Amino acid sequence: MTGPMLAVEGLAKSYRASRGTVRAFEDVSFAVAAGETVALVGESGCGKTSLAKTIYRLQDADAGSVRLAGTDITRLSRRALRPHRRLMQMVFQDPYASLNPRLTVGRILEEPLIVHGIGDRAGRQGQVRRALERVGLAAAAAERHPHQFSGGQRQRIGLARALMLEPGVLLCDEPVSALDVSVQAQVLNLLAGVQEERRLAMLFISHDLGVVRHMADRVLVMYLGRIVESGPARRIFARPAHPYTRALLAAAPVPDPDVEAARPREILQGDPPSPIDPPPGCGFHPRCAFAEARCRTERPPLRTVGDRRVACHRATGDDEASLRLPFAPQPH
Ligand SMILES: Nc1ncnc2c1ncn2[C@@H]1O[C@H](COP(=O)(O)OP(=O)(O)OP(=O)(O)O)[C@@H](O)[C@H]1O
Ligand code: SF4
Ligand SMILES: [Mg+2]
């Protein structure tokens, strides 16, 4: 196969709620190559989980497409989806909620193999043992139940389960945000190690920029259901181009003196607007320190600016210097 392992094009999803239509995300396009980690960042409610669930086909898209290893899976029937589905696996934020408490860990890990008719019992148990070993758990863990493990261990089990079918794509939705800070780094290192050795195409969702910086090759910044900036992670951390990315970085101390020196100082005020009634023009304008008149009426298209894509009227220039500080804050 040539081309990306995962390619998302113009994807959109709305929910009908009692108060109106929630536009969870719209017009989302990106691709992830084998061996690459793409991080999706943004505040709570911006649509990250909805996007992951739609890619994973836990719910259907309203528009757009998801291609997995070159095959458009967006509208395949459940039955037609099955052989493709095993190529893509998801690791959830809350490993406990996603592990059946009544089953032993061995049975939980064996289940995907049984569903796909892989191996005989002895062969499958060998695979379970190797999977447990890879995520740093003893073979004896197979006999126990999920509640007998700590949060970090449960997330290791969730990862082992995701790896059983040898996927090419791993979707991780806030995989460490439910864990104690002291065990987050261990689980992140494990994820990064597995991603590299299996050349996984990984979509890594997090609201924590410190975590993203540790993991990502490229970053997608989402605001109110739209990608507002995307590009190489190092470049985005060094020179955020979109005012929202600048504000997110301003709110997140980064343990690196170079990044810290370049960190903008704007403050992100208030909460994001409701996705039921998004503002006209640029969705970020009510909170943007750089907003001007047209920002209130014209939606900025996502366009190429230097080494990245940015949806901001005021991001200018195709050289490094102009990306650094393209404009000065305006009084509201
Ligand atoms: N099944 C649903 N029905 C109605 N609205 C929903 C549903 N799922 C999500 N939403 C709404 O869609 C928007 C996006 O939610 P989503 O869970 O994708 O955000 P998120 O970025 O994952 O947030 P968080 O960081 O808190 O996990 C929110 O306004 C949420 O309330
Ligand atoms: S388009 Fe205008 S309101 Fe939106 S981020 Fe850019 S400057 Fe701010
Ligand atoms: Mg979420």
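**Close-up 1. The eight-stranded open sheet of the predicted model.** In this predicted model, eight strands are arranged as an open sheet whose order is β6-β7-β8-β3-β9-β10-β12-β11, and the pairing within the sheet is mixed. The edges are formed by β6 (88-91) and β11 (303-305), each of which pairs on one side only. From one strand to the next, the twist averages 25 degrees. Within this sheet, strand β3 (residues 37-41) and strand β9 (residues 218-223) run parallel and are joined by four bridges, and Val38 has Arg218 in β9 as its bridge partner.

**Close-up 2. The four-stranded open sheet with antiparallel pairing.** Here four strands follow the order β2-β1-β4-β5 in an open sheet, and their pairing is antiparallel. Because β2 and β5 (71-72) stand at the edges with a single partner strand each, one side of each of them is left without a neighbour in the sheet. Five bridges connect β1 with strand β4 (residues 63-68) in the antiparallel sense, and Ala12 finds its bridge partner in Ala63 of β4.

**Close-up 3. The packing of helix α6 against helix α7.** Helix α6 (residues 151-163) packs with helix α7 (residues 181-197) at an angle of about 15 degrees, and their axes lie 10 Å apart. Because this angle falls under 35 degrees, α6 counts as roughly parallel to α7. The crossing in which α6 passes α7 is right-handed. On the α6 side the contact is made by Gly152, Gln155, Arg156, Leu159 and Leu163, which meet Val183, Gln186, Val187, Leu190, Leu191 and Val194 of α7. The residues of this contact of α6 with α7 consist of seven nonpolar, three polar and one charged.

**Close-up 4. The surroundings of ligand 2.** The residues that surround ligand 2 are Pro243, Cys282, Phe284, His285, Cys288, Phe290, Ala291, Cys295, Pro300, Cys312, His313 and Arg314. By class, this shell around ligand 2 is made up of nine nonpolar, two polar and one charged residues.

Key:
Residues numbered from 1 in each chain as written. Chains lettered and ligands numbered in written order. Predicted model: local features only at pLDDT ≥ 70, side-chain atom pairs only at ≥ 80, totals over all residues. Pairing = 2+ DSSP bridges. Helix = DSSP H or I, 4+ residues; strand = E, 2+ residues; numbered from the N terminus. Axes fitted to C-alpha atoms, helices over the stretch in contact; angles between N-to-C directions. Parallel < 35°, antiparallel > 145°, perpendicular 65-115°, else oblique. Left-handed = near helix turned anticlockwise from the far one by under 90°. Contact = placed C-beta atoms within 7 Å. Nonpolar A, V, L, I, M, F, W, Y, C, P; charged D, E, K, R; others polar. Near = placed C-beta within 6 Å.
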